[in-house]
Amino acid sequence: MKKKSYAKINLTLDVIEKRKDGYHNIDGIMQIVDLYDEVTVEIADEFKITSNSKNIPLDEKNLVYKVYNVIREKYKFDEKFSIHIEKNIPVSAGIAGGSTNAAVVIEMVDELLNLNMTLEDRKKIGRSVGADIPYLLVGKTARTRGIGDELEILESLPTTNVLIVNNEVEISTPYVYSNIVPTGNSKNADKLIEMYKMKDYDKFFESLYNTMEEVSISYCPEIQTIKDKMYDFGCVKSLMSGSGPTVFGIFKNDKDIEFAYNYFKKIYKNTFKVKTMER
């Protein structure tokens with residue numbers, strides 16, 4: 001069985017407060033884009049993960065391995081799986097490449113073994129392994145709160161052109177969280193949600209923000225350079241996704257995004273021209 005596992009971007013992201021469990025409550029909007037890996041799962045004599053990428057772990061550090069162990073513990077089955085991950089999504093990039101692989105593996109193991117999980121069952125398994133996985137199991141435009149697992153499904157964003165540029169610099173998410181000053185409330189996120197629900201997309205796009213940017217840009221100034229260059233090519237908004245380093249630009253004009261793509265692709269191999277979508 002084979003499935004596409006799609007990347008996400010954080011259209012907006014606010015870090016609200018640190019929780020007692022050490023995690024942080026966030027508030028923002030996540031969006032699926034049509035950049036994807038392909039994951040193949042087959043019943044086999046031994047459990048094994050393979051990949052075309054040398055940049056991902058193939059052992060218990062992989063989120064796929066972790067969700068497999070959680071499912072096996074919960075449902076007490078003996079079957080083992082051969083799992084191949086054909087990577088296109090950049091690794092450690094702030095666009096959920098590992099989490100999206102884990103999400104489709106939950107779905108495929110469920111389907112192959114007829115475990116009859118509900119969506120809530122799948123989300124609970126996903127949440128125990130990674131905060132983004134519940135969202136990726138849903139795969140629609142959504143406001144995400146809590147650690148990212150509390151979802152309010154929004155009306156679909158009209159199909160939008162997005163340019164994604166990743167410079168392959170690894171930024172530790174714990175490092176960013178440990179250096180960020182939480183905003184303490186959701187007032188800014190509430191305003192954005194109101195704009196979105198009123199379908200004032202121009203104002204919505206112009207008002208997008210990511211409170212993680214300051215820390216990540218201080219660590220990797222090249223993020224700001226990429227953002228600035230996006231505006232030179234006429235993007236409506238340029239923003240970092242997640243804790244970075246990936247930068248995305250929202251474009252209205254097909255020619256503008258084409259020029260920008262051709263420029264960035266010569267510098268960064270991980271440059272992708274994509275569109276927003278739903279699973």
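Is the crossing of α1 and α2 left-handed or right-handed? It is right-handed. A crossing gets that name if the near helix is turned clockwise from the far one by less than a right angle, and it is left-handed if anticlockwise.

This is a predicted model, in which local features need pLDDT of at least 70, side-chain atom pairs count only at pLDDT 80 or more, and totals for chains, interfaces and linings use all residues. Residues are numbered from 1 along each chain as its sequence is written, and side-chain values use heavy atoms, with hydrogens and water left out.

Start with the two helices. Helix α1 covers residues 63-75 and helix α2 covers residues 97-113. Helices here are DSSP runs (H or I, at least four residues), numbered from the N terminus. The two pack at an angle of about 35 degrees, and their axes are 8 Å apart. Axes are lines fitted to C-alpha atoms over the stretch in contact, with angles from 0 to 180 degrees between N-to-C directions.

Which residues of α1 meet α2? They are Leu63, Val64, Val67 and Ile71. Their partners in α2 include Gly98, Ala102, Val105 and Val109. Contact means heavy atoms within 4.5 Å. By class, this contact has eight nonpolar, three polar and no charged residues. Ala, Val, Leu, Ile, Met, Phe, Trp, Tyr, Cys and Pro count as nonpolar, Asp, Glu, Lys and Arg as charged, and the others, Gly among them, as polar.

Now turn to the rings. A search of the whole structure finds 14 aromatic pairs. Rings of Phe, Tyr and Trp (its six-membered ring) pair if their centres lie within 6.5 Å; planes under 30 degrees apart count as stacked, over 60 as edge-to-face and the rest as tilted. Tyr196 and Tyr201 pair edge-to-face, 5.7 Å centre to centre with 75 degrees between the planes. Both are buried (under 20% relative accessible area, with exposed over 50% and partly exposed in between, for a 1.4 Å probe and protein chains only). Tyr263 and Phe264 are also edge-to-face, at 5.1 Å and 80 degrees. Tyr263 is partly exposed because its relative accessibility is 32%. Phe264, at 2%, is buried. Phe47, Tyr65, Tyr68, Phe77 and Phe81 form one aromatic cluster.

Charges meet rings too. Lys74 lies over the face of Tyr75, 5.5 Å from the ring centre. Such a charge has NZ of Lys or CZ of Arg within 6 Å of the ring centre and within 35 degrees of the ring normal. The charged end of Lys265 sits over the ring of Phe272, 5.7 Å from its centre.
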